[in-house]
Amino acid sequence: MSLVSEVQDLRAPAGSHAEPSLATPGDYFALLKPRVMSLVVFTAFVGLVVAPGHIHPVIGFTAILCIAIGAGAAGALNMWYDADIDAVMARTVKRPIPAGRVQPGEALAFGILLAVLSVVTLGLLVNHLAAALLAFTIFFYAVIYTMWLKRWTSQNIVIGGAAGAFPPIIGWVAKTGSLDLEPILLFLIIFFWTPPHFWALALSRAQEYARAGVPMLPVTAGEAATRRQILFYTVLLAPLGLTPWLFGSAGLAYGLTAIAGGVMMLWLAFRVWYPGAGKTSLAAGKRLFGYSIVYLFVLFAALLAEHGARAMFG
Amino acid sequence: MTENRPDPGIVLTPEQKRRRRARSIAIALALGALVILFYVVTLVKGPGVLNRPM
């Protein structure tokens, strides 16, 4: 059952007569969640580049473009469904739907159109398996996570994190046409990165989530349990970050980067769990949130740099 | 005596017209880009354009 019961349903038409739209192309672009999209594009690009074999640059570009648009479509569908939550949270209240610049129906149509377009184009121009994976990712994020898990369980972002972890697999499959262990390792890294990343932010926004009726872990289990869970998932994440090196798909430079980055993640997660006498875990949570983005970016950038160096120097 | 004028319907303000024009241009550009993309990929794939491995 949804916990959001008293919040106005912004998905429903406001009245019998729709006003002419005041949306600009920029508002539609904002529906795509461009910041999330940039991380999706980057991880998918790394998956595509480090995969074995050859892909024509135009086909590679098409694959990344389709993955980006598919991710944007999922973001638009998320904004359509979550408009009621967005309207009561300071971080999201200025999004196009709660701000009244885009009508809910416009966002829904935009999201469905882009989802279909991105999957069909990827299937026609790249390969069917990549298209099927992209379709599943959009479905997982828009339906499984947004419509079901997010309002139902405190494990929402743990399971829902799978949607954000798929792009490197799709990038890999776009090039090779098949699945392998290496992209699955990249999937697992992002999957286990997601809980500490989101909960570190959620620690400082627990009241907002509670007001919106979203059962994020700090709301349902409290701050202490969230801090423990952040440390638990980071303890799993740090060694997982080493696996591309341990399984031989990445070299020493990546391994050293993963060790240094993982140790730093562990230290910051430890400081969230035990901030020290007289200090709050909120500041430590914000530090961990900021660093976690850097950590993931650096891991994937190291993979990319190593692959580039190998291609150039053998 | 009142004249029976036809209902003018929804009359757009200048701002609404400006934004509709901006949206129309964006749609046109996106469609143009899609056509170019399909054209270029067709050239790249050549005779194998219908060969799509799973």
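The following paragraphs lead through a predicted model of two chains, A and B, from overall form to individual residues.

Chain A is built from 14 helices and has 0 strands, so that its pattern along the sequence reads α-α-α-α-α-α-α-α-α-α-α-α-α-α. Its radius of gyration is 20 Å, close to the 20 Å that the globule rule gives for 314 residues, and chain A is therefore as compact as a globular protein of that length. Along the principal axes, the C-alpha atoms of chain A fill a box of roughly 65 × 60 × 30 Å. Among contacts in chain A between residues at least 6 apart in sequence, 75% join residues at least 24 apart.

The interior of the model may be considered next. In soluble globular proteins, nonpolar side chains tend to be buried together. The largest nonpolar core here has 99 residues, and those touching the most other members are Ala63(A), Ile67(A), Ala76(A), Ala130(A), Leu134(A) and Ile170(A). Helix H3 of chain A, residues 57-81, gives the most to this core, with 15 residues. Ile67(A) illustrates the packing: leaving aside residues up to four places away in sequence, Ile67(A) touches Val40(A), Ala44(A), Leu134(A), Pro167(A), Ile170(A) and Gly171(A).

Chain B has 54 residues, of which 2% are buried, and contains 1 helix and 0 strands. Where the chains meet, 14 residues of chain A are in contact with 14 residues of chain B. On the chain A side, H3 and helix H6 (128-152) each supply at least two residues, and the largest share, 3 residues, comes from H3(A). By class, this side of chain A has 8 nonpolar, 6 polar and no charged residues.

At 1.5 Å a residue, its 24 residues should span 34 Å, and the end C-alpha atoms are 35 Å apart, which agrees. H12(A) is followed by Gly248(A), whose phi is positive, near 85°.

Glu223(A) lies in helix H12 of chain A. Glu223(A) counts as partly exposed because it has 18 C-beta neighbours inside 10 Å, whereas a buried residue would need 20 or more. Not counting residues up to four places away in sequence, Glu223(A) touches Leu203(A), Pro218(A) and Ser281(A). Glu223(A) and Lys33(A) are 190 residues apart in sequence and, from C-alpha to C-alpha, 28 Å apart in space.

Key:
Residues are numbered from 1 along each chain as its sequence is written. Chains are lettered from A and ligands numbered from 1 in the order in which they are written. This is a predicted model: local features need pLDDT of at least 70, side-chain atom pairs count only at pLDDT 80 or more; totals for chains, interfaces and linings use all residues. A nonpolar core is a set of buried Ala, Val, Leu, Ile, Met, Phe, Trp, Tyr and Cys residues joined through C-beta atoms within 7 Å. A residue is buried if 20 or more other C-beta atoms lie within 10 Å of its own, exposed if 12 or fewer, and partly exposed in between; C-beta atoms are placed from the backbone. Helices (H or I, at least four residues) and strands (E, at least two) are DSSP runs, numbered from the N terminus. Two residues are in contact if their C-beta atoms, placed from the backbone, lie within 7 Å. Ala, Val, Leu, Ile, Met, Phe, Trp, Tyr, Cys and Pro count as nonpolar, Asp, Glu, Lys and Arg as charged, and the others, Gly among them, as polar. The expected span of a helix is 1.5 Å times one less than its number of residues. The radius of gyration is taken over C-alpha atoms; the globule rule is 2.2 Å times the number of residues to the power 0.38.
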